[in-house]
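Student: I am new to this structure. Please take a close look at its pockets, and tell me what lines them.

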Amino acid sequence: MYKISLITGDGIGPELSESAVSILNTIHDKFDLKFGITKLSAGDKALSKTGNALPDDVVSAIKQSDVCLKAPVGESASDVIVVLRRTLDLYANIRPAKSYPHMPALRDDIDMVIVRENTEDLYTGKEFTLGNAAVALRIISEAASKRIAKYAFETAKQRDSMRKVTCVHKSNVMRMTDGLFAKACTDISKEYSDIAFEQMYVDACAMNLIRQPEKFDVIVTTNLFGDILSDESSQVVGGLGMAPAANIGDNFALFEPVHGAAFDIAGQNIANPSSFLLSIKMMLDWLGNKHNDSKCIDVGKRLESTIFGLVKNGVKTMDIGGDKTTSEFTKQITDNL
Ligand code: ATP
């Protein structure tokens with residue numbers, strides 16, 4: 001049995017979590033893949049109830065589980081996810097952007113993955129005031145940069161695609177920090193002679209994601225740039241409602257949608273649960289590889305093809321041009337799995 005800790009989140013988080021539990025229960029019943037789910041509260045609700053967005057007992061419960069699923073949290077997101085990424089050393093944030101048929105997408109020929117460094121950069125929260133100015137420290141270390149570069153090349157190696165890594169930075173302006181990142185990636189690229197390597201400034205990358213996204217395979221970049229570029233790449237293939245993400249460390253992993261709590265549509269039963277359910281697909285891949293469990297990988301594939309089979313047949317939620325509610329779409333998946 002795999003022990004899953006589930007942060008139910010804020011905004012549309014509880015609706016997506018309900019959908020996730022329903023899918024996990026169906027997988028449990030239909031494929032005899034056993035899960036023990038512990039629901040946890042972290043985020044805005046936990047903050048107003050306990051004074052702490054990420055209570056200690058929640059962190060302990062996550063550490064005792066095999067893997068964590070996290071629905072989006074609201075205003076306190078950085079006190080939850082940024083802290084968890086650092087505490088659990090989940091250094092690689094993986095955000096795939098893949099075209100699937102019949103999506104209201106800008107392009108239908110995209111298959112890329114953004115590998116974002118997850119523990120450093122401007123997201124360490126080291127900010128202070130200096131007179132009338134506010135200062136944020138941007139920390140980029142050689143060790144973390146080489147570690148993420150290696151992860152990106154290993155990712156490229158395992159993909160059946162063009163096998164290319166694009167290192168994205170802005171070293172012409174941030175010469176020391178991004179200069180170090182670019183050099184670390186270049187150094188690691190020499191260990192992977194069979195994988196093409198290129199560098200691109202972040203502004204050019206933002207433009208090329210619209211202009212010629214088919215040219216990208218694996219993008220490796222720093223924390224803030226990766227956050228922004230992955231929202232952009234998910235829009236190119238159909239929007240945030242379809243965008244999953246993984247936070248991976250050497251021994252533990254946490255899976256979550258790319259998007260935030262989307263308070264504008266919360267409580268209306270109209271959110272697209274696919275972002276979270278495709279995160280479950282990524283979780284099943286990770287569990288399968290870690291535990292040498294091919295059933296996990298097979299069921300993950302089946303979940304993904306079920307979701308895209310429905311979308312292909314016009315069974316979809318409003319954000320991608322359909323009329324199904326969150327619960328109706330979830331029910332269709334459980335019926336079709
Ligand atoms: P954050 O900064 O926390 O990532 P954000 O301000 O970027 O949050 P999101 O919550 O990520 O905002 O979402 C942006 C918009 O995309 C939402 O307002 C919502 O309309 C839409 N959206 C996001 N997720 C979904 C979803 N699962 N289903 C449908 N629409 C969504």
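Tutor: Start with one term: the domain bounds used here come from an automatic or database domain assignment. The model itself is predicted.

Now the largest pocket. Domain 1 (1-99 + 240-337) and domain 2 (106-112 + 121-236) both give residues to its lining, so the largest pocket lies between them. About 1300 Å³ of space lies in this pocket. Its lining counts 37 residues. Closest to the centre are Ile 94, Thr 155, Lys 281, Met 282 and Asp 285.

Which elements supply at least two residues each to this lining? Three are strands: S4 (92-98), S5 (111-117) and S11 (244-248). Three are helices: H5 (142-158), H9 (274-290) and H10 (294-312). Sort the lining of the largest pocket by class, and you find 20 nonpolar, six polar and 11 charged residues.

Next, the second largest pocket. Its volume is about 380 Å³. Here too, domain 1 (1-99 + 240-337) and domain 2 (106-112 + 121-236) both contribute to the lining, so the second largest pocket lies between them. It is lined by 18 residues. Look for Ala 77, Ile 81, Arg 85, Asp 227 and Val 258, which lie nearest its centre. Helix H4 (77-87), helix H8 (223-236) and strand S12 (253-257) each give two or more residues to this lining. H4 gives the most, with five residues. By class, the lining of the second largest pocket holds eight nonpolar, three polar and seven charged residues.

Finally, turn to the ligand.

Asp 264 places a polar side-chain atom 2.8 Å from an oxygen atom of the ligand. His 259 has a polar side-chain atom 3.1 Å from a ligand nitrogen atom. At Ala 261, a polar backbone atom is 3.5 Å from an oxygen atom of the ligand. How much of the ligand does the protein bury? Alone, the ligand exposes 610 Å², and the protein buries 60% of that.

Key
Residues numbered from 1 in each chain as written. Predicted model: local features only at pLDDT ≥ 70, side-chain atom pairs only at ≥ 80, totals over all residues. Heavy atoms only, no water. Polar contact = N/O pair within 3.5 Å; in protein donor to acceptor, adjacent residues only side chain to side chain. Areas by Shrake-Rupley, 256 points an atom, 1.4 Å probe, with all protein chains shown as cover. 1 Å grid on protein atoms, 1.4 Å probe; cavity = no way out; pocket = protein on both sides within 12 Å on 5 of 7 lines; lining within 4 Å. Points joined across faces, edges and corners; volume = space filled by probe spheres on them. Helix = DSSP H or I, 4+ residues; strand = E, 2+ residues; numbered from the N terminus. Nonpolar A, V, L, I, M, F, W, Y, C, P; charged D, E, K, R; others polar.
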